[in-house]
Amino acid sequence: SNLAPASLSSHLLHFVSMATGGRNSGRRRHKEVFLGENSKFKFGGRIDYKLKRQDSTKTLLIKSEQLLKIEEHDFAMRPGFGASAIPVGIDVQVESIDSISEVNMDFTMTLYLRHYWKDERLSFPSRTNQSRTFDSRLVKKIWVPDVFFVHSKRSFIHDTTMENIMLRVYPDGNILYSVRVTVTALCSMDFSSFPLDTQNCSLELESYAYNENDLMLYWKNGNDSLRTDEIVLSQFFIEHFHASSGLAFYSSTGWYNRLFINFILRRHIFFFMLQTYFPTMLMVVLSWVSFWIDRRAVPARVSLGITTVLTMSTIITGVSSSMPQVSYVKAVDIYLWTSFLFVFLSVIEYAAVNYCTTLEEMRKMKRGKIPSTFNASQAMAFDGCFHDNEMELTPFNSMAPTLTTEPLTTPSQCPDLRPPEGTRLRRQRSVRENVDLLVSNSYMIDSYSRLAFPLSYLLFNTIYWSLYS
């Protein structure tokens, strides 16, 4: 009450301003708290509004989904839906060819499959043009090409210790998508020249849902799009790797772009030389030993022939069990069965020799050239120690119908004498006479076989290796 009116009014204004300022400061504090809670709810409580004006690639406080604006777009649709086909580049690095199966007619390959395309929906601001790399967790939220392997039997993406998937996004929307996959695919093999064959296999890539109007697959770097590590196979030598492309037509869905990974395999022959060809040659040569064994050594020659035949059967069975059941003749079949035929003929040759020997001795016994005490059946059981000169046989003329003791003094009495003058005549023997001559000289069959069998087999090998090598 003692204050002057002027001082009183000044105090009142100061009090009002303090009260008003307090309310306004309280409102600001409440607003900051409210914004802080909302930012914590929306951005995890880690956003700093001052960083909004900075490079977003330097900011680790914003989630990847927000940076790439994943929630703002429908990634179930391809980029540029309704416009022209989106180009997707492919390049492949083959890590290994794990196995090649002739029985199943397939191969297993491990490779790095990389896709390149552009999706402007994933572009983000950046001053340094640095890309961002993600793993498989983000891949499931965006659009990626649906490339699959044609004619594949089994395939899987490696997942140790995480799924082997990489996604790299550039600020302008260009994307690199890489995956490490192992695939087992069909390879139509031709075994006509097996094991001297060369196989041409291919791994085919194609989009499953998008035809050529929506997605265009192409090799990103042409022939350089296919790269391989050093690959070593046990039975094959890789002659050439090359990439190619084409179109595939389906009656219900249209034309699709298709990429091919072609590789040519040439089989190593040395393994089959050791396991098949050399043993077969030795069995055939072993069967020829029978030609040098005495023709009356029945147990020795029969056991040798049967042993070689059974061994050849075992070799043929072993080779057939490791091959697919194809309906045509393979090169190895020709060699094995021809060699088996040579072994079989050597057994038949001894059967003919033994039969002719028995006939010869029976004829000589009937003509009285063999002592009555000699048993002809012993010729079938000698052990190789008996020889023809141990039998007291006298020479006889096979052309004479009867035996005579009178000397032949005139040419008419001896038709085999050569005429002293005039034209030389030689009467051609009939088939029966040739058979009789062969029967009476059965040892000649072995003599001819010693030369005929090796020469025939040598000729067969020359033709065989010249055709298939």
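Which residue has its backbone nitrogen 3.1 Å from a polar atom of the side chain of S101? The residue is N104, and point 3 returns to this pair.

1. Basis. This is a predicted model, in which local features need pLDDT of at least 70, side-chain atom pairs count only at pLDDT 80 or more, and totals for chains, interfaces and linings use all residues. Residues are numbered from 1 along each chain as its sequence is written, and side-chain values use heavy atoms, with hydrogens and water left out.

2. Overall make-up. The chain has eight helices and twelve strands; helices (H or I, at least four residues) and strands (E, at least two) are DSSP runs, numbered from the N terminus. Of the 469 residues in the chain, 36% are buried, where buried means under 20% relative accessible area, exposed over 50%, and partly exposed in between, with a 1.4 Å probe and protein chains only. Contact means heavy atoms within 4.5 Å. Among contacts in the chain with a separation of 6 or more, 76% are between residues 24 or more positions apart.

3. Strand β1 and S101. Two strands pair if DSSP finds at least two bridges between them. Strand β1 (residues 86-101) pairs with β2 (residues 106-118) in the antiparallel sense over eleven bridges, and D91 has R114 as its bridge partner in β2. β1 and β2 form a hairpin with four residues between them, and M105 in the turn has a positive phi of about 55°. S101 lies in β1 and counts as buried because its relative accessibility is 19%. Leaving aside neighbours within four places in sequence, S101 is in contact with D106 and M189.

4. Other partners of β1. β1 also pairs with β9 (residues 215-219) in the parallel sense, over five bridges; here I86 stands opposite L215. Three bridges join β1 to β10 (residues 226-228), and these two strands run parallel. Q93 stands opposite R227 in β10.

5. W143. This residue lies in the loop between α3 (136-139) and β4 (147-150). W143 is buried because its relative accessible area is 5%. The side chain of W143 makes a polar contact with the side chain of Y210 (3.1 Å). A polar contact is a pair of N or O atoms within 3.5 Å; within protein, one must be able to donate a hydrogen and the other to accept it, and residues adjacent in sequence count only if both atoms are side-chain atoms.

6. Helix α4. This helix (residues 270-288) has 19 residues and reaches 26 Å from its first C-alpha to its last, close to the 27 Å expected at 1.5 Å a residue. The expected span is 1.5 Å times one less than the number of residues. α4 bends by about 35° at Y277, and P279, a proline, follows within four residues. The bend is the angle between axes fitted to the seven residues ending at a residue and the seven starting there. Buried residues of α4 include F272, Y277 and W288. Their cover includes β12 (254-267), α5 (298-321), α6 (331-366) and α8 (443-468).

7. Record. UniProt, in an unreviewed entry, places "transmembrane region" at residues 269-290, 302-322, 334-357 and 451-468. Such annotations may be inferred rather than shown by experiment. In the model, residues 451-468 are 100% helix and 0% strand.
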